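Subject: Structure for you to look at

Hello,

Please find the structure below, with its sequence. My notes on what was found in it follow.

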Amino acid sequence: MKPINVGLLGIGTVGGGTFTVLKRNEEEITRRAGRPIRITVVADKNVELAKKVTGGACRITEDAFSVVSDPDVDIVVELIGGTGVAKELVLKAIANGKHVVTANKALLAMYGNEIFKAAQDKGVMVAFEAAVAGGIPIVKAVREGLAANRIEWIAGIINGTTNFILSEMRDKGLDFNTALQQAQELGYAEADPTFDIEGVDAAHKITILASLAFGIPLQFDKAHIEGISRLDATDIQYAEQLGYRIKLLGITKRTNGGVELRVHPTLIPEKRLLANVDGAMNAIVVQGDAVGPTLYYGKGAGAEPTASSIIADLVDVTRMHTADPENRVPHLAFQPNQLVDLKPLPMDEVQTCYYLRLRVFDKQGALADITRILADEQISIDAVIQKEPAAGEAQTDLVMLTHKTLEKRVNAAIAKIEGLPVVAGQVTRLRLEELGK
Ligand code: HSE
């Protein structure tokens, strides 16, 4: 059996893991793929590292462009990341008729429409299981396993760094900065953790999932993105008292008016399995009309978990390599000429439940003023906690949960509430999802 030849761009953590797992499980992977999968060339700026990891088993080069033009390479694995040179390399590889396997969520969320179009025109595959939730085969599940369903919504913990930070804040009562520092010391968070903590990484992933679920073009620029850097430990404690946990969720929902596409800290009932996904783990719930809810749980990062997805894609591409391009699984789950123009909704039009925390002066009529504003905006209250003011203090916390309502109504109510003389400072607003049917 003629081996299929792979050119690997980047031999950092995931590239190293891919090399190791391919080698360790070589025999079984060949039995699955039908032919050996062989890394024949590795491009990395760090030639010494590449030599060390590969142990002289393949050619090493500093020039990634030579790999995407190498006539002997059948599949290019792009593990460089980012949207600069990685984009150029991927498009070049496609133009040269090579299949691409990538873990690059930013690249696909931002330029996927262009990349998949180029791949379609050229009759090559771009596989990206590792781009969403690392080792969890969620792309395959949504694209293929759930193909019978009209998918209603997806909600996922799709960033391990922030889930680790939130778990530490809750379990140890840490504030955000201390928990972030711990995440960095343990190697979860990058030295520059902005994409993780500000929700951008999760937004890349939920953008990809929304396209797979609903058959819409990738629209990262329309995603609403809020991270956890301004989350107060107080709110984690109040949520707990009310029977909820706070998780950074990527959420996408089909509604009559369009598609919700959002990332933000979210209260979820503590009894939900998703609420109990702790540490750096990832988990995603997909609600289909036929199957109901399905849950996918696993490691969303790390050398071998991510390699697991990269190699599954290599096996898939190897199996389909000789198939008629028209009869392969479409990149975004739906046939490319069948994508629909279902627009991501502006946040004002999103409907969900809310957690509101405000500082109020303990004065007669304060609660009545606040609830009147909510009633005027047709917002119904679900639960309230009001503490007695601490000794010597005139103000206290008032925490309310609302039933489902429109975000614009909540914005209007918050503006009015903040104008009340009995209210001090700003209202803290978090969104709440029951994640039931
Ligand atoms: N930085 C991501 C996370 C993993 O913390 O989950 C890669 O997307």
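Glu26 has its place in helix 2; helices here are DSSP runs of H or I with at least four residues, strands are E runs of at least two, and both are numbered from the N terminus. This is a predicted model, in which local features need pLDDT of at least 70 and side-chain atom pairs count only at pLDDT 80 or more, while totals for chains, interfaces and linings use all residues. Residues are numbered from 1 along each chain as its sequence is written, and side-chain values use heavy atoms, with hydrogens and water left out.

Glu26 counts as partly exposed because its relative accessibility is 46% (buried is under 20% relative accessible area, exposed over 50%, partly exposed in between, with a 1.4 Å probe and protein chains only). Glu26 and Ala189 lie 163 residues apart in sequence, and their C-alpha atoms are 32 Å apart in space.

Helix 2 (residues 26–33) crosses helix 13 (residues 303–320) at roughly 35°, and their axes come within 9 Å. Axes are lines fitted to C-alpha atoms, for helices over the stretch in contact, and angles run from 0 to 180 degrees between N-to-C directions. From helix 2, Ile29, Arg32 and Ala33 meet Ile311, Val315, Thr318 and Arg319 of helix 13 (contact means heavy atoms within 4.5 Å).

Helix 13 has 18 residues, which at 1.5 Å a residue should span 26 Å; its end C-alpha atoms are 26 Å apart, so the two values agree. The expected span is 1.5 Å times one less than the number of residues. Among the buried residues of helix 13 are Ile311, Val315 and Thr318.

An open sheet is formed by six strands in the order 3-2-1-4-5-6, with parallel pairing (two strands pair if DSSP finds at least two bridges between them). Strand 3 (59–61) and strand 6 (126–127) are at the edges with a single partner strand each, so one side of each has no neighbour in the sheet. Within this order, strand 4 (residues 75–78) and strand 5 (residues 99–102) are joined by four bridges in the parallel sense, and Ile75 has His99 as its bridge partner in strand 5.

Which strands pair with strand 17? Strand 10 (residues 259–269) pairs with strand 17 (residues 423–432) in the parallel sense over two bridges, and strand 13 (residues 351–361) pairs with strand 17 in the antiparallel sense over seven bridges. Arg431 in strand 17 stands opposite Thr266 and is also the bridge partner of Tyr354.

Regards
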